[in-house]
Amino acid sequence: MLQGTVKSFDPQTQAAVVLTDARVEYDVPPDAFRSSGLRKLTLGQRVRFRVEGEGDGARVTYVNILTLPDPA
């Protein structure tokens, strides 16, 4: 599993973008989000996530929250 930070989250579509520690972005589709039992993500949250496939076929299939974002 990879670790990274929530870069964006759209509560209406429940789609998100996460940025790995290696600075690689992955789109998190709503089905991966819902299958993880999550209701929302917050910008800056640390997450662990599973990616299946490679290259253009890579997709996030699971997301797990590691920490809440630091208060700003």
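The following conversation goes through a predicted model of a protein, from its overall layout to single residues.

Q: What helices and strands does the protein have?
A: This predicted model contains one helix and five strands. Read from the N terminus, the elements follow the order β-β-β-α-β-β.

Q: How confident is the prediction, on average?
A: The mean pLDDT of the protein is 86, and 88% of the residues reach 70 or more.

Q: Which elements have the lowest and the highest mean pLDDT?
A: Helix H1 has the lowest mean, 76, while strand S1 has the highest, 94.

Q: In what order do the strands lie in the sheet?
A: The five strands form an open sheet in the order S3-S2-S1-S4-S5, and their pairing is antiparallel. Strand S3 (25–28) and strand S5 (59–67) stand at the edges; each has a single partner strand, so one side of each is left without a neighbour in the sheet. From one strand to the next, the twist averages 40 degrees.

Q: How many bridges join S1 to S4?
A: Four bridges join these antiparallel strands, S1 and S4. As an example of such pairing, Gln3 has Arg48 in S4 as its bridge partner.

Q: And how many between S2 and S3?
A: Strand S2, residues 15–20, pairs with S3 over four bridges, again in the antiparallel sense. Here the bridge partner of Val18 is Tyr26 in S3.

Q: What about S4 and S5: how many bridges do they share?
A: S4 and S5 pair over seven bridges, in the antiparallel sense. Phe49 stands opposite Val63 of S5. The two strands form a hairpin with six residues between them. In the turn, Gly53 has a positive phi of about 90 degrees.

Q: Changing topic, which residues have the most contacts inside the largest nonpolar core?
A: That core has 13 residues, and those with the most contacts inside it are Val18, Val28, Leu41, Val47, Phe49, Val60 and Val63. The elements that give two or more residues to the core are S1, S2, S3, strand S4 (46–52) and S5.

Q: How much of the protein counts as buried?
A: Of its 72 residues, 31% count as buried.

Q: Why does Lys7 count as partly exposed?
A: Lys7 counts as partly exposed because its relative accessibility is 46%, and that class lies between the cut-offs of 20% and 50%.

Q: Which residues is it in contact with, leaving aside neighbours within four places in sequence?
A: Lys7 is then in contact with Val17, Val18, Glu25 and Leu43. Lys7 and Glu25 are 18 residues apart in sequence, yet their C-alpha atoms are 8.5 Å apart in space.

Q: What share of contacts between residues at least 6 apart join residues at least 24 apart?
A: In this protein, 47% of those contacts join residues at least 24 apart in sequence.

Q: One more residue: is Gln45 buried or exposed?
A: Gln45 counts as buried, because its relative accessibility is 3%. The cut-off for that class is under 20%. Gln45 is found in the loop between helix H1 (30–35) and S4.

Q: And what does its side chain reach?
A: The side chain of Gln45 reaches the backbone nitrogen of Thr42, at 2.8 Å.

Notes:
Residues numbered from 1 in each chain as written. Predicted model: local features only at pLDDT ≥ 70, side-chain atom pairs only at ≥ 80, totals over all residues. Heavy atoms only, no water. Buried < 20%, exposed > 50% of the residue type's maximum accessible area, 1.4 Å probe, protein only. Contact = heavy atoms within 4.5 Å. Pairing = 2+ DSSP bridges. Axes fitted to C-alpha atoms, helices over the stretch in contact; angles between N-to-C directions. Core = buried A, V, L, I, M, F, W, Y, C linked by side-chain atoms within 4.5 Å. Polar contact = N/O pair within 3.5 Å; in protein donor to acceptor, adjacent residues only side chain to side chain. pLDDT = per-residue confidence, 0-100.
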